Number of protein chains: 4
Amino acid sequence: MRAWMLPANATGFDQLRLRELEQPRPGPGEVLVRLRAWSLNYRDLMVAAGKYMGGGLQADAIPLSDGAGEIAGVGAGVADLKEGDRVQTSFFPHWTDGAPVTHVALGDGRAPGVLAEYVVLPATGVVPMAPSLSFAEAACLPCAGVTAWNALYEGPRALLPGMRVLVLGTGGVSTLTLAIAKAGGCEVFATSSQDAKLAKMRNWGADRTVNYRTTPEWGAWAKELGGVDKVVEVGGAGTAEQSMAALRTHGELAFIGVLEPEGGPNPRGLMMSAATMRGIFVGSTAMARRLNAAVEVNGIRPMIGRSFAFTQAPDAYAHAAGPDSFGKTVIELG
Amino acid sequence: MRAWMLPANATGFDQLRLRELEQPRPGPGEVLVRLRAWSLNYRDLMVAAGKYMGGGLQADAIPLSDGAGEIAGVGAGVADLKEGDRVQTSFFPHWTDGAPVTHVALGDGRAPGVLAEYVVLPATGVVPMAPSLSFAEAACLPCAGVTAWNALYEGPRALLPGMRVLVLGTGGVSTLTLAIAKAGGCEVFATSSQDAKLAKMRNWGADRTVNYRTTPEWGAWAKELGGVDKVVEVGGAGTAEQSMAALRTHGELAFIGVLEPEGGPNPRGLMMSAATMRGIFVGSTAMARRLNAAVEVNGIRPMIGRSFAFTQAPDAYAHAAGPDSFGKTVIELG
Amino acid sequence: MRAWMLPANATGFDQLRLRELEQPRPGPGEVLVRLRAWSLNYRDLMVAAGKYMGGGLQADAIPLSDGAGEIAGVGAGVADLKEGDRVQTSFFPHWTDGAPVTHVALGDGRAPGVLAEYVVLPATGVVPMAPSLSFAEAACLPCAGVTAWNALYEGPRALLPGMRVLVLGTGGVSTLTLAIAKAGGCEVFATSSQDAKLAKMRNWGADRTVNYRTTPEWGAWAKELGGVDKVVEVGGAGTAEQSMAALRTHGELAFIGVLEPEGGPNPRGLMMSAATMRGIFVGSTAMARRLNAAVEVNGIRPMIGRSFAFTQAPDAYAHAAGPDSFGKTVIELG
Amino acid sequence: MRAWMLPANATGFDQLRLRELEQPRPGPGEVLVRLRAWSLNYRDLMVAAGKYMGGGLQADAIPLSDGAGEIAGVGAGVADLKEGDRVQTSFFPHWTDGAPVTHVALGDGRAPGVLAEYVVLPATGVVPMAPSLSFAEAACLPCAGVTAWNALYEGPRALLPGMRVLVLGTGGVSTLTLAIAKAGGCEVFATSSQDAKLAKMRNWGADRTVNYRTTPEWGAWAKELGGVDKVVEVGGAGTAEQSMAALRTHGELAFIGVLEPEGGPNPRGLMMSAATMRGIFVGSTAMARRLNAAVEVNGIRPMIGRSFAFTQAPDAYAHAAGPDSFGKTVIELG
């Protein structure tokens with residue numbers, strides 16, 4: 001089978017190489033997935049750059065966590081999946097429900113990566129696709145979709161129809177948050193530094209938008225409009241002070257925040273509004289199933305900014321890293 | 001001012017009489033509301049029949065809990081409301097937030113009733129209308145709307161987009177539940193004994209319907225389709241066994257159930273699915289505000305089956321009590 | 001190894017026979033447990049009588065779900081347990097966390113039973129004992145202890161110090177509920193038909209007790225004292241009406257209720273107090289771990305009414321079924 | 001009546017003056033409280049220094065939020081309180097239940113202060129004392145006690161028996177947290193810079209203690225011991241990074257944090273443990289009632305470090321501001 005690989009100590013996605021590897025076989029409790037589509041996340045750029053959690057790759061590795069395809073084989077003891085089932089991968093393949101189980105994360109260089117024609121995964125690590133989605137659309141959900149869902153709906157306080165959500169920027173998590181929150185009957189505010197991207201967000205359903213270049217105090221802007229019940233904070237420490245300022249009473253700052261390793265907001269802003277900040281790290285397969293039910297019932301379609309052929313994977317990385325990226329960047333088998 | 005009144009020991013709505021009364025004045029902490037529209041609930045029929053909680057009226061009384069109109073005067077110390085504000089009444093005017101405060105309930109014969117041109121209420125007992133609603137539409141919400149909202153969204157476990165709700169019959173609570181749950185991204189199943197009413201429910205967005213006459217085991221019917229996460233159980237003890245059978249894991253039977261005073265379901269059905277049953281008794285003004293936000297953001301319109309002029313109030317009661325009632329029956333000043 | 005077995009279609013525990021069987025071996029993902037102590041639950045009497053869920057045993061079977069002992073061997077791929085670890089069994093060995101996984105339940109005739117010197121279980125199906133407990137004490141927890149914990153602490157609304165709990169009778173679940181709730185800073189009320197047992201409960205920490213023979217309206221009795229926040233309802237449909245009457249605002253009736261298959265309470269009692277009823281069916285290994293932490297931190301000791309030698313297992317059943325049973329009946333290897 | 005007053009623009013508690021004022025009278029919905037004891041909070045030192053939220057006093061003012069005494073008169077319409085009732089004050093006298101109502105806060109210079117022989121408060125702003133407490137003990141609870149209770153028990157995720165709590169320092173909030181958490185069956189870890197104070201905390205029930213001078217990485221210290229489920233973070237931005245490091249999966253950092261206005265922790269620490277940070281600002285009277293129930297049921301006694309006579313109020317301030325302060329500093333009428 002063909003697989004894209006990064007070399008040990010890779011420093012960028014330009015070092016991706018397409019190789020021919022032996023097709024893996026599923027052991028007991030495992031499944032073989034024939035992949036048809038993949039999607040990129042910001043984290044994949046960091047893995048390729050050798051800057052993801054704890055540094056560079058220690059060995060050659062197949063990258064990527066997010067893919068969708070068909071079951072092509074099942075190991076002993078797998079009862080609930082069969083050949084031909086359409087499935088998507090799960091970022092943390094052993095986290096099925098309840099408290100986080102995060103010691104295995106696909107595509108980080110230690111666990112299996114999915115940017116290949118086939119991958120073997122534990123049967124717990126795949127989830128049936130929402131029937132109405134294409135492989136490319138389903139491939140957008142394992143990391144960004146589940147993160148958005150977790151941020152919106154898996155916290156201890158419910159997000160209700162009529163409540164308000166603020167998304168930062170126009171990447172995969174933010175466009176999926178927009179689509180899911182609108183399906184749930186919420187108002188959505190969005191920020192960007194580009195007016196053209198804000199216009200796209202409005203076309204996709206955003207109720208109000210703000211350019212954070214021209215309105216650097218966008219936290220106060222949101223608060224003047226009555227505040228928001230949820231901020232899906234993908235910016236990190238650098239934007240959290242503004243996000244906190246935007247919160248209403250009992251609001252939640254869902255913190256994903258991979259961008260800024262240093263410094264942070266003074267949490268005093270949480271006191272006056274009895275607000276909370278919650279750390280979000282993707283989610284469980286139970287969350288993925290709940291997301292997929294919401295996708296199916298509401299006809300949610302992930303926003304795919306651009307799609308690339310499997311053989312052009314490095315171009316997909318380049319696009320995702322560039323200024324024109326919007327929503328999800330996907331790769332398809334073609 | 002004109003007001004409809006029931007005599008002490010009334011036994012039916014045919015005893016309603018239109019009278020001329022002195023217009024009331026707001027004291028400290030109170031507001032005067034000039035009513036423009038009203039709606040009927042099943043409970044109002046019971047009050048008129050002398051069969052509501054603890055029996056007949058002990059004195060002549062203005063009936064009804066649900067109305068909408070304009071603030072026509074404010075008493076001392078009322079800061080957040082002013083003349084001209086469009087408001088709806090609150091079933092429990094002293095229950096603002098937190099734990100239930102149910103000792104005063106509008107229109108029960110002891111507390112003020114609203115079927116009059118004016119009513120004085122505590123300032124805590126009115127809620128700003130959703131701006132996009134007419135008076136008639138807003139008058140549908142105080143009892144049936146808040147009940148539906150409480151049942152769906154104020155329980156301890158969140159109802160999420162993609163989850164499934166079952167409503168029983170096609171009255172005010174059930175049609176409002178349908179509208180709110182669809183706005184929240186849920187699937188809705190509905191029951192009725194009349195196929196024509198089921199067709200109306202499908203037109204209003206219901207995903208699946210069942211005739212409980214021809215399918216008396218509708219609990220099993222729902223379970224075969226995968227079960228539901230919520231039943232808004234307005235039938236009471238007589239239908240709860242079927243409702244319980246319909247529940248999925250962690251589902252909730254929201255029990256409103258005024259219809260059957262005797263007997264009840266064996267709760268063993270709750271054990272296998274770790275399900276809960278929760279008693280619903282309308283709700284607080286905080287809930288009404290959250291409902292109104294959801295109404296406004298999602299363009300929810302209460303289903304008004306028929307509307308009557310103020311002078312024809314007894315006809316409205318007769319319609320609400322009859323077999324052709326669907327959704328809410330309202331009265332308008334005209 | 002020696003094991004007690006019930007024959008197919010057993011109708012009573014007098015048909016228990018001690019047999020010599022081959023010692024089982026752990027496969028991949030499994031552990032071998034050398035049992036040292038066991039405890040009986042009401043359900044075990046029903047299994048022996050051929051009356052448990054769906055009727056009699058279809059084949060000879062080793063009964064019992066609850067035991068404690070040492071790991072005597074581990075299969076391939078088991079990393080977190082090793083020989084010599086002191087563990088207790090888990091009623092539902094595949095329910096680790098999150099939503100219930102109840103298709104396998106130890107000792108029901110289809111899944112393994114533990115009334116033997118050794119048992120092989122999935123590694124997910126054992127939990128480390130609280131270090132301060134004896135094997136006999138730890139053997140009291142898998143069913144009755146986890147049930148009590150789930151009823152008290154795993155519902156959607158928190159039980160807080162200073163709140164009040166009502167337990168029915170003086171069996172395993174009720175005595176464990178008493179001990180756990182007192183450790184959590186709650187007041188506990190208890191019922192029994194025997195004054196001598198009520199005296200024992202007071203000695204064990206119960207704050208108030210009532211004889212339900214002489215005070216059949218014990219629901220009203222509790223309500224006059226201010227009501228309770230939780231009833232751990234082991235009686236079932238026959239007592240639920242009284243239990244419901246005892247509840248305060250936002251109270252919970254934790255329904256375990258195996259005793260009465262027919263009839264049930266009218267749930268209207270839940271409406272006035274915004275109360276809930278929740279079905280309890282033992283619990284997950286995550287719950288067992290939380291229980292064990294509470295046991296260890298607070299020095300909780302299960303109430304063992306009487307202990308029998310392994311060779312006298314039928315006598316233990318007879319005692320558990322009789323009128324003098326109090327707390328847990330255990331069996332020890334000796 | 002006598003009252004201690006601070007002058008406009010006060011810069012320190014040495015400017016407190018004892019004055020003779022006219023005794024106030026309760027209006028409609030108000031009560032007159034004859035105070036018997038008071039307690040100091042860190043916030044009172046800031047008010048006296050002109051450094052509390054928004055700066056100095058704009059007019060002469062009676063300081064202090066926390067007191068206990070007897071009802072000495074009731075205004076019109078007050079039904080649930082009568083002369084002689086023993087009550088404590090409520091920091092936010094209009095926040096009764098549900099979402100925060102914080103626009104009126106006793107003793108901040110704008111709202112009434114209680115360091116006087118009498119004070120008039122809204123009837124909603126007093127709470128019956130736990131019967132077993134003295135006035136001095138009850139006076140410890142309105143700010144520090146309710147804050148501790150809110151931090152422990154009013155968050156969205158329940159704190160359970162057997163869980164672990166970390167308190168910082170040995171002030172009023174921390175000593176009350178210790179007492180309440182032990183009553184709730186939790187383990188408590190405590191920090192201080194003084195070994196003598198740590199010994200006192202162990203005498204009061206702390207399970208483990210750490211000197212943060214000699215162990216500046218006390219977050220890692222706590223994590224190595226298995227981590228904690230709750231940190232009651234009174235230090236603020238300066239200690240939050242360590243507090244976050246101490247958290248277990250699903251743990252909560254309850255942020256009270258008045259000490260550090262600048263800077264803050266990078267919230268990435270919340271991501272790996274799916275943990276939350278929640279802003280705590282005292283609490284409602286409903287919370288005070290729940291606290292008092294827990295106090296009464298469990299015999300909780302606030303830790304009073306030192307007590308001063310009413311005429312020596314400035315000495316009480318000086319002690320509270322000094323290095324020997326431990327637990328609560330109280331003032332009694334004598």
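Where chain A meets chain D, 31 residues of chain A and 31 residues of chain D take part in the contact. The model is a predicted one. Together, chain A and chain D bury about 2,700 Å², and carbon and sulfur atoms carry 67% of that area. Three residues, Arg268(A), Met271(A) and Met272(A), supply 22% of the area that chain A buries against chain D, more than any other three residues.

On the side of chain A that touches chain D, at least two residues each come from β12 (247-255), α8 (269-272) and β13 (276-279) of chain A. Of the elements on that side, β13(A) gives the most, with 4 residues. Sorted by class, the side of chain A that touches chain D holds 19 nonpolar, 8 polar and 4 charged residues.

Chain A has another contact, with chain B. It takes 16 residues from chain B and 16 residues from chain A. The area buried between chain B and chain A is about 1,300 Å², with 75% of it on carbon and sulfur atoms. Leu160(B), Pro161(B) and Val297(B) supply 39% of what chain B buries against chain A, more than any other three residues.

Across the interface of chain B and chain A the rule finds 0 salt bridges, while 4 residue pairs, both residues at pLDDT 80 or more, are in polar contact. Two helices of chain B, α3 (141-153) and α9 (285-298), are the elements that give two or more residues to the side touching chain A. The most comes from α9(B), with 5 residues. By class, the side of chain B that touches chain A has 10 nonpolar, 4 polar and 2 charged residues.

The table sets out the two interfaces.

| Interface | Buried area | Share on carbon and sulfur atoms |
|---|---|---|
| Chain A and chain D | about 2,700 Å² | 67% |
| Chain B and chain A | about 1,300 Å² | 75% |

Which strands make up the sheet that chains B and C form? The order is β10(B)-β9(B)-β8(B)-β11(B)-β12(B)-β13(B)-β13(C)-β12(C)-β11(C)-β8(C)-β9(C)-β10(C), an open sheet of 12 strands with mixed pairing. At its edges stand β10 (208-211) of chain B and β10 (208-211) of chain C; each has a single partner strand, so one side of each is left without a neighbour in the sheet. Neighbouring strands are turned by 15° against each other on average, direction ignored.

Inside the chain B part, strand β8 (residues 164-168) and strand β11 (residues 228-233) run parallel and are joined by 3 bridges.

Conventions
Residues numbered from 1 in each chain as written. Chains lettered and ligands numbered in written order. Predicted model: local features only at pLDDT ≥ 70, side-chain atom pairs only at ≥ 80, totals over all residues. Heavy atoms only, no water. Contact = heavy atoms within 4.5 Å. Buried area = accessible area lost by both parts, 1.4 Å probe. Nonpolar A, V, L, I, M, F, W, Y, C, P; charged D, E, K, R; others polar. Salt bridge = Lys/Arg side-chain N within 4 Å of Asp/Glu carboxyl O. Polar contact = N/O pair within 3.5 Å; in protein donor to acceptor, adjacent residues only side chain to side chain. Pairing = 2+ DSSP bridges. Axes fitted to C-alpha atoms, helices over the stretch in contact; angles between N-to-C directions.
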